[in-house]
Amino acid sequence: MSLSRKRQKELKRLRGNAEDLWRAQQDILDRANSVAKEAGRQVNYLTREEVAPRVKDTVDTYVRPGFDRGVSLTKNAARLVGERITNDVVPAVGTAIGTALSVGDVARDARVRAAVKRLKPSKVVKKESNSGIGRYFAVGAVLVAVAGVGYAVWQTFRADDELWVADEEPTTRTPAAANS
């Protein structure tokens, strides 16, 4: 492809302009990078000197006391629940189980069986498979166990006025007080 001298001259001038433009863009990008680096340094200084102390003060003033209060309330509540279980639930359940076991022991005692046989009439009576003294003992033992567990649950969950008393009264801030 042959070009006229005029076109070749225009292309050469255009190529030179493009190279000048490319160099100018590279200079601008280098200056923009150096400005961005300096801005990053200044942001780090500002964060270290201004923002971090304000955040720390805010956390120490508002967040930490509430968090500490919540942790202490949780610890106190857990301790109180543990004491209630140890002092109320476990003894009540133990008593109910002990009562049920003692009723079973009494029912198996040979002297009690002999006394029950003496109380039976001497006539031969058709024995029903559903009725028997053991059944009544078992029902009684179940009722005692249910009552013991119910009492333990009631003691555990009953309303206790001293259980949830706050250590100090919460302070309320009004918007007018916060602005002054």
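Helices (H or I, at least four residues) and strands (E, at least two) are taken here as DSSP runs, numbered from the N terminus. This is a predicted model, in which local features need pLDDT of at least 70 and side-chain atom pairs count only at pLDDT 80 or more, while totals for chains, interfaces and linings use all residues. Residues are numbered from 1 along each chain as its sequence is written, and side-chain values use heavy atoms, with hydrogens and water left out.

**Whole chain.** Start with a cartoon of the protein: it has four helices and zero strands, in the order α-α-α-α from the N terminus. Switch to a surface. Of the 180 residues, 5% count as buried (under 20% relative accessible area; exposed is over 50%, partly exposed in between, with a 1.4 Å probe and protein chains only).

**Helices 1 and 3.** Select residues 5–108, helix 1, and residues 133–157, helix 3; they pack at about 175° with their axes 9 Å apart. Axes are lines fitted to C-alpha atoms, for helices over the stretch in contact, and angles run from 0 to 180 degrees between N-to-C directions. Helix 1 is therefore roughly antiparallel to helix 3 (an angle over 145 degrees).

**The contact.** Helix 1 brings residues including Arg84, Asp88, Val93 and Val103, and helix 3 brings residues including Val144, Val149 and Tyr151. By class, the contact has 14 nonpolar, four polar and two charged residues.

**Along helix 3.** Next select Ala141, Gly148, Ala152, Gln155 and Thr156, which are buried. The buried residues of helix 3 pack against helix 1.

**Phe137.** Finish at Phe137, also in helix 3. Phe137 is partly exposed, at 28% relative accessible area. Its contacts, not counting residues up to four places away in sequence, are Val103 and Ala107. A C-alpha distance drawn from Phe137 to Gly104 reads 7.5 Å, although the two are 33 residues apart along the chain.

Terms used: Angles under 35 degrees count as roughly parallel, over 145 as roughly antiparallel, 65 to 115 as roughly perpendicular and the rest as oblique. Contact means heavy atoms within 4.5 Å. Ala, Val, Leu, Ile, Met, Phe, Trp, Tyr, Cys and Pro count as nonpolar, Asp, Glu, Lys and Arg as charged, and the others, Gly among them, as polar.
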